[in-house]
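Q: I am new to this structure. Please walk me through how to read its features, one at a time.

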There are 2 protein chains.
Amino acid sequence: MKIGGKPYRSIWLGEDGKSVEIIDQTKLPHVFETATLRTLDDAARAIATMQVRGAPLIGATAAYGVALALGVEATDDALDRACDTLAATRPTAINLRWALDEMQKSVRNQPRDKRVAAAYARAAQICDEDVENNRKIGEHGLGIIQAHAEKKGGTTVNILTHCNAGWLACVDWGTALAPIYRAHDEGIDVQVWVDETRPRNQGASLTAFELGAHGVPHTLIADNAGGHLMQKRLVDLCIVGTDRTTATGDVANKIGTYLKALAARDNQIPFFVALPYATIDWSLGDGSAIPIEERDAEEVTRMTGRLPDGSIATVEIAPPGTSAANYGFDVTPARLVTGFITERGVAPATRDALVTLYPEHRKGQGP
Amino acid sequence: MKIGGKPYRSIWLGEDGKSVEIIDQTKLPHVFETATLRTLDDAARAIATMQVRGAPLIGATAAYGVALALGVEATDDALDRACDTLAATRPTAINLRWALDEMQKSVRNQPRDKRVAAAYARAAQICDEDVENNRKIGEHGLGIIQAHAEKKGGTTVNILTHCNAGWLACVDWGTALAPIYRAHDEGIDVQVWVDETRPRNQGASLTAFELGAHGVPHTLIADNAGGHLMQKRLVDLCIVGTDRTTATGDVANKIGTYLKALAARDNQIPFFVALPYATIDWSLGDGSAIPIEERDAEEVTRMTGRLPDGSIATVEIAPPGTSAANYGFDVTPARLVTGFITERGVAPATRDALVTLYPEHRKGQGP
């Protein structure tokens, strides 16, 4: 996508062919700044501190993190240590584990002198696959938005999204936002309700930034507002991303997603989840088994923004010493999901539908 | 309730017997500061800018606003103008209109030279009635919490609340928080999940402040977190307040309440609404007819808090120029409400149960 007219991905190889460039997402929307990852620790820190975030981008960054580690030492031990370090950064998004498995598969059988090149090649391929998968998610989701536009006689299609599942969460295009970008580019009149997404405000800071940069009409709302908007028929459909989806269709996504899914169901509004195959955890049959990250309480008691002079400041919003709990994700049960938008098409949130889309994961068959 | 050991109400008559003192709630939790209302305009501004807020306290402040206006001019015209000015400050809380009706009834039939005294007397009475009603709400709600404590064998009873329906929202005690204070004072082990309550953060700023000052254990959470906590059985019951309740039991309360009621229902967790009779709008049979206040978009795009040096600052959290929508309330349908906790007892959220509690409002009977 473009920032100020210049095309960007959210991660790319540096000019030296070794280092990795990212957009430092902790500074958005106030400052657009790139950062360079030169070591495994840089990559792990970028994931843990959420300079990069979003399930697909976490996977891509971890892949490059393995490449950076092998550039120092290309042994089996170094490979395993790198994967362990990166796997420990964040517990919920399964794309992280998927990407590390992919890197193991691509590297372990290579002779040491070919491992670094193999690692960079697979990391680049993971990024390119992500872009292509998201492009296809956009195509498949476009049909859903088009159908709503036709039903509404060309009047505005209002779409609610939670958190950021846009190009900043992926390598390009996004998952939940890919169909929205496609629809906007096709000339369909779309308007996006952007959930602020406390406590880290990925909606207010990243989704609003992305949509604004691309010129897609959008309105920021408090996370509390979605139910009212749905009751008042001001939402035509919801599209969100996911950090891990079970083989039975339960969806772990940013905390608060479940509340919007409940409201959508209560108001008969379609609730779609957009995802590439790497976000499906075929080993799990029940969303309650998905590990839910607990983060620092200060993310709840503090808020960062711009002061009137343009400088960035963090303010405390609660009484001094207030305890806070900070769960990063919740699980939306499959029964509340209207459908999945994947790179292979749209499907109901059921095990049968998922294995029909991905027959290579049918039980008893090989991977 | 006590602040630093000194007992306070949220509104009281000044030492001159004319002016009215309030706690400036826009400055909490950072600064505890009182403000003096000397004129009708002071009172109207205090309500509109939310120096005072919460349905019962809005009513009490409006009552004193009428007294302040009559102190300048005690004509019928002045009385009507004062009521019109105050009624226009905020649209959703019915207590405001109820209090203005009460003031009209108490003043209009009085000779002019007795109107000021009558107005101050009725305003004081409205305040005292509110305190007594909330005390009784505390008593009736205590039984509910006690039952949970017994069922849990004395282990912690976890109660989720949204926004602030504590003593700062009333004259004293609070509505939703009154049973919690009573339970805590009785030695029951209660813990409160405090919804931050974006965009104005009444949970983070007022409920956390109140509970902390009284020593009630509490944990601040993002508004997004409640559904997950309920799924994980970390919430035993929910208690919230209301700004207007229809005769059929629909509840308008702070935006986001509906989402929590949906999650409570989905997880079979009791969802109670605490209210005094003045919050019931007997003229409405359908919550969708309740006017929903829309407030300034800047409440969504900005956040106020303490800088590290202790000074208060407001930061912008969204990209410059971001549009935002700011609906103040949503309506929770009666079907999602387990019961009402009123000064006359606990009752299901139905028309029959409400007129059984308040037989004077049975259709075809007197006022």
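Q: Is B:Q268 buried or exposed?
A: Buried means under 20% relative accessible area, exposed over 50%, and partly exposed in between, with a 1.4 Å probe and protein chains only. B:Q268 has 65% relative accessibility, so B:Q268 counts as exposed. Note that this is a predicted model, in which local features need pLDDT of at least 70, side-chain atom pairs count only at pLDDT 80 or more, and totals for chains, interfaces and linings use all residues. Residues are numbered from 1 along each chain as its sequence is written, chains are lettered from A and ligands numbered from 1 in the order in which they are written, and side-chain values use heavy atoms, with hydrogens and water left out.

Q: Where is B:Q268 placed, and what is its phi?
A: Helices (H or I, at least four residues) and strands (E, at least two) are DSSP runs, numbered from the N terminus. B:Q268 sits in the loop between α9 (257–266) and β12 (271–274) of chain B. Its phi is positive, about 55°, although B:Q268 is not a glycine.
A:R233 also has a positive phi, near 60°, and is a residue other than glycine. A:R233 belongs to the loop between α8 (226–231) and β9 (237–240) of chain A. With a relative accessible area of 47%, A:R233 is partly exposed.

Q: Which residues does a cis peptide bond join in chain A?
A: A:L28 and A:P29, with omega about 5°. A:P29 lies in the loop between β4 (20–23) and β5 (34–37) of chain A. In chain B, a cis peptide bond joins B:R198 and B:P199, again with omega about 5°. Look for B:P199 in the loop between β7 (190–195) and α7 (202–214) of chain B.

Q: How are the two chains related?
A: Two copies of a chain are related by a rotation about an axis and a shift along it. Superposition is by least squares on the C-alpha atoms of residues with pLDDT of at least 70 in both copies. Here, a rotation of 180° with 0.0 Å of shift along its axis superposes chain A on chain B, at RMSD 0.0 Å. The two copies are thus related as by a two-fold rotation axis. In chain A, the C-alpha nearest the axis belongs to A:L259, 2.9 Å from it.

Q: What area do chain A and chain B bury between them?
A: The size of an interface is often given as the accessible area lost when the parts come together. It is found with a 1.4 Å probe and summed over both parts. Here the chains bury about 4800 Å², 61% of it on carbon and sulfur atoms. In chain A, A:N224, A:L259 and A:R306 lose the most area to chain B, together 15% of what that side buries.

Q: How many salt bridges are there between chain A and chain B?
A: A salt bridge is a side-chain nitrogen of Lys or Arg within 4 Å of a carboxyl oxygen of Asp or Glu. The count between the chains is 4. One of them joins A:D266 and B:R335, whose closest N and O atoms are 3.0 Å apart.

Definitions and conventions. Buried area is the accessible area (1.4 Å probe) that two parts lose on being put together, summed over both.
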